[in-house]
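Subject: Handover of a structure

Dear colleague,

Please find the structure below, followed by an account of what was found in it. I would be grateful if you could read the two side by side.

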Amino acid sequence: MTVRSRVTRSTVVAGLSLAALALAACTGGTDASDAAGKPLPTITGNPAVTINVFAPQGPDFNLAKNEFSQKMTQMFNITFKWQTSTYDAGPAKEKRQISLASGDYPDLYLLIPWVDQFTQADLLRLANQGVVLPLNQLIDQYAPNIKKALDSNPDYKAMATAPDGKIYGMPQWVDCYHCSYQGKLWMNSTWLKKLGLQQPKTPDEMRTVLQAFKTKDPNGNGKADEIPLSADVRDSLIPYFMNAFIYDPQGTSGNNNSALVLRDGKVDLQANKDGWREGLAYLNSLYKEGLIDKGAFTQNADALQQQGDNTGTVILGSATVLHPGIFVTLGQPDGRDKQYDAVAPLTGPNGSNFSAYNFPSVPGATFALTNKASPEVQIQSIKMLDYLFTPEGEINGMFGTEGKTWAKPQAGEVALDKSVKPLYRQIPQKAGAKPPNTAWQAIAQYNNTADFRAAESINTDIYNQAGYERRLFEATKLYDGKEDKAQVYPYWKVWIDPSLGSEVATLQTNIENYVQQNALQFITGSKDVTKDWDSYVKGLDGLGLKRYLEIQQTAYDKVPK
């Protein structure tokens with residue numbers, strides 16, 4: 001399972017280009033050349049190199065002692081010097097920015113999308129400064145598996161390739177099916193059964209169910225302690241409900257806060273339309289009845305999980321999250337984590353029955369070489385990355401050591417896609433055990449194709465912990481195809497002109513923050529969705545919405561159709 005989806009930089013001194021570095025080096029023949037026609041070295045074998053790497057490190061892991069790090073040392077003759085940040089996105093991003101601003105940056109950045117990574121605008125700016133190096137020739141000469149992945153996947157190639165044709169960093173390709181439909185709602189089926197209710201299919205039916213959760217003591221403890229509906233600041237409840245009134249493309253895992261859509265080929269914003277207002281009015285009515293937890297818009301994921309893990313009695317009726325493991329610890333002795341099932345998109349009063357499609361990969365880069373890297377370091381780094389693009393490399397990189405944390409399937413095991421032969425299976429770890437320091441996990445998740453994911457051996461019991469990925473896979477079928485394909489804005493292919501980078505970043509931040517803040521004010525009642533709506537719409541215009549849409553349109557028009 002893919003884990004969820006958890007400033008302006010000072011100018012740094014421009015360094016040597018890839019061509020200059022190549023000329024400074026080496027021996028051997030060539031079979032590639034840079035933009036100026038100067039050759040890159042061909043290096044056979046794996047000469048010993050030391051690579052300074054910046055990477056996030058989880059609290060239970062040690063990259064320096066990690067078994068996969070040791071495997072990379074043995075395979076590619078690499079000595080790693082690690083600079084590490086944490087999995088906390090804010091501090092991780094700040095530490096990366098400080099490293100660049102100070103000039104004390106590494107040879108290589110290896111990042112995780114849901115923690116922190118380079119944006120497309122970052123890459124273009126740093127490329128203009130000479131800080132990040134183009135990878136095209138390295139890929140052509142030393143990385144056949146990367147080249148194959150890009151050439152066989154137009155979306156991946158478009159996401160990785162800047163408008164000038166250069167690849168300034170590699171993004172991860174994560175073809176996570178269940179991550180592609182983030183706006184799910186998971187509801188307590190045990191409570192529904194006890195109350196004699198069915199899963200709701202409309203906003204009115206949803207209100208009836210939530211009212212019953214609040215007032216009819218479904219947990220049977222004689223107390224009015226039930227929370228009908230909750231969420232957290234990253235796992236927003238707005239998109240699931242909004243899609244019953246208007247197509248809302250927003251994600252719920254922090255990687256797409258944009259309400260941009262295409263309308264007859266023109267970039268537009270949903271958050272100033274009548275359907276958006278109707279959706280906010282509906283959510284406000286639920287909030288006023290006490291059917292939405294007051295902490296749903298302010299608490300973090302840990303606080304939400306405390307509600308799901310409440311000691312003794314189950315108190316949480318439903319939550320809008322990517323997967324249940326966000327709000328309840330899996331494998332609990334009382335089996336409460338098995339009580340929750342996904343609810344299909346609601347059909348609203350105007351017939352809207354949408355689910356938001358969210359591109360599961362994040363544009364930008366998680367692998368970026370800097371001008372501190374010698375030619376030998378560049379070559380060994382790209383070879384190492386190329387290994388991660390093989391099935392063997394990805395299995396070892398993501399899951400660790402064979403026999404400890406993964407194994408080859410045994411006879412009778414079934415792949416996630418039952419029509420294919422299983423390729424690997426993860427070995428479940430004992431509850432409460434310290435995570436094994438065997439894998440790079442999300443750092444290594446590059447060529448994570450649908451075929452690769454479908455070949456994992458998964459238990460056929462969806463409520464068994466070993467069948468959890470299948471549970472998510474099956475649940476996602478309720479949402480798949482409910483997106484309005486004509487309105488999906490392919491932001492992952494859109495590269496903004498670097499001369500407009502600062503302007504568009506400011507506009508985007510201001511507009512998205514304004515939309516989110518006002519949505520919460522309308523839902524919680526500090527603003528009136530009828531009286532204050534026109535003022536809200538004018539406020540968007542005052543933030544430069546027209547200019548923002550113009551910039552996005554110009555960039556979108558350049559995307560190959």
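Pro203 touches Ala244, Phe245, Tyr282, Leu346, Thr347, Gly348 and Pro349, where residues up to four places away in sequence are not counted and contact means heavy atoms within 4.5 Å. Leu286 is 83 residues from Pro203 in sequence, and their C-alpha atoms are 10.0 Å apart in space. Pro203 belongs to helix α9 and, with a relative accessibility of 7%, counts as buried. The terms are used as follows: buried is under 20% relative accessible area, exposed is over 50%, and partly exposed is in between, with a 1.4 Å probe and protein chains only.

On provenance, the model is predicted: local features need pLDDT of at least 70, side-chain atom pairs count only at pLDDT 80 or more, and totals for chains, interfaces and linings use all residues. Residues are numbered from 1 along each chain as its sequence is written, and side-chain values use heavy atoms, with hydrogens and water left out.

Helix α9 covers residues 203-215, which is 13 residues, and reaches 18 Å from its first C-alpha to its last, close to the expected 18 Å; the expected span is 1.5 Å times one less than the number of residues. Helices (H or I, at least four residues) and strands (E, at least two) are DSSP runs, numbered from the N terminus. Besides Pro203, the buried residues of α9 are Met206, Arg207, Val209, Leu210, Ala212 and Phe213. These buried residues pack against β5 (185-188), α8 (189-195), α10 (238-242), α11 (274-288) and β8 (318-319).

After α9 comes Asp217, in the loop between α9 and α10. Asp217 is not a glycine, yet its phi is positive, about 50°. Most residues other than glycine have a negative phi. Asp217 is partly exposed, at 22% relative accessible area. Asp264 also is not a glycine and has a positive phi, of about 55°. Asp264 lies in the loop between β6 (260-263) and β7 (266-269) and is exposed, with a relative accessible area of 78%.

Two further sites may be of interest. Helix α16 (residues 468-476) is mostly covered, with seven of its nine residues buried: Tyr468, Glu469, Arg470, Arg471, Leu472, Ala475 and Thr476. The buried residues of α16 pack against β5, β9 (340-343) and α15 (450-454). Tyr87 is found in the loop between β2 (78-85) and α3 (89-102). Neighbours within four places in sequence aside, Tyr87 is in contact with Pro56, Gln57, Gly58, Ile112, Trp114 and Val115. Between Tyr87 and Ala55 there are 32 residues in sequence and 9.7 Å in space, C-alpha to C-alpha.

For the protein as a whole, there are 19 helices and 13 strands. The radius of gyration is 25 Å, close to the 24 Å that the globule rule gives for 561 residues, so the protein is as compact as a globular protein of that length. That radius is taken over C-alpha atoms, and the rule is 2.2 Å times the number of residues to the power 0.38. Along the principal axes, the C-alpha atoms fill a box of roughly 80 × 60 × 40 Å. Of the 561 residues, 54% are buried.

Yours sincerely
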